[in-house]
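Student: I would like a close look at a single part of this model. Please take me through it in short steps.

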Amino acid sequence: MEAAGKRLLLVAACALVDADGRVLLAQRPEGKTLAGMWEFPGGKVELGETPEETVVRELREEIGIETKVACLAPLTFASHSYETFHLLMPLFVCRRFWGTAHPREGQMLKWVRPRQMRDYPMPPADEPLIPFLIDLL
């Protein structure tokens with residue numbers, strides 16, 4: 001798929017919310033694009049997957065958290081044009097999950113209150129999502 005001559009990349013992300021109303025952010029590890037920036041856990045939607053299934057898979061693979069599609073609620077989405085592709089990213093909220101988040105791919109993890117998220121450098125597509133989380137939580 002192409003958007004304005006650019007490849008369209010579909011990524012799904014999750015605002016994992018703990019009992020204290022904090023949201024889990026993951027820091028992109030060295031060697032990856034946008035290394036050092038903080039983002040919502042998630043990843044590329046694979047062929048044959050729904051965005052919800054992607055979130056469930058990525059939470060398990062990236063941070064060892066289990067959840068179910070029924071525990072995900074759509075909140076908003078990002079549509080952002082980067083230099084070489086256009087990103088479309090639905091953001092889901094998840095309050096029901098099992099396990100303890102731990103980094104499985106060399107990334108740092110941090111539970112952050114929505115009003116403090118602006119203190120963490122985030123990719124341009126993620127920043128506009130913060131107000132939605134502030135309003136929700």
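Predicted model: local features only at pLDDT ≥ 70, side-chain atom pairs only at ≥ 80, totals over all residues.

**A helix and the strands around it**

Which residues of α1 are buried? They are T54, V55, V56, R57, E58, L59, E62 and I63. Here is a general point about helices. An α-helix has 3.6 residues a turn, so residues three or four places apart point the same way.

Now check the length. Helix α1 covers residues 51–63, which makes 13 residues. At 1.5 Å a residue, the helix should span 18 Å. The end C-alpha atoms of α1 are 18 Å apart, so the model agrees with that expectation. Just after α1 comes G64, with a positive phi of about 70°.

Take β7, residues 85–94. This strand is mostly covered, with 9 of its 10 residues buried. Strand β7 pairs with β6, residues 72–81, in the antiparallel sense, and 9 bridges link the two. A hairpin of 3 residues leads from β6 to β7. Two pairs show how the strands line up. H80 stands opposite L87 in β7. S81 has H86 in β7 as its bridge partner.

Strand β7 also pairs with β2. These two run parallel, joined by 8 bridges. In this pairing, R7 has F85 in β7 as its bridge partner. In general, strands of a sheet pair through backbone hydrogen bonds, either parallel or antiparallel.

Is T76 buried or exposed? Its relative accessible area is 16%, and buried means under 20%, so T76 counts as buried. What does T76 touch, leaving aside its neighbours within four places in sequence? T76 is in contact with M89, P90, L91, L129 and F132.

Strand β3, residues 23–27, is joined to β4 by 2 bridges. Within that pairing, A26 stands opposite E39 in β4.

Note on methods
Residues numbered from 1 in each chain as written. Heavy atoms only, no water. Pairing = 2+ DSSP bridges. Helix = DSSP H or I, 4+ residues; strand = E, 2+ residues; numbered from the N terminus. Buried < 20%, exposed > 50% of the residue type's maximum accessible area, 1.4 Å probe, protein only. Contact = heavy atoms within 4.5 Å. Expected span 1.5 Å × (residues − 1).
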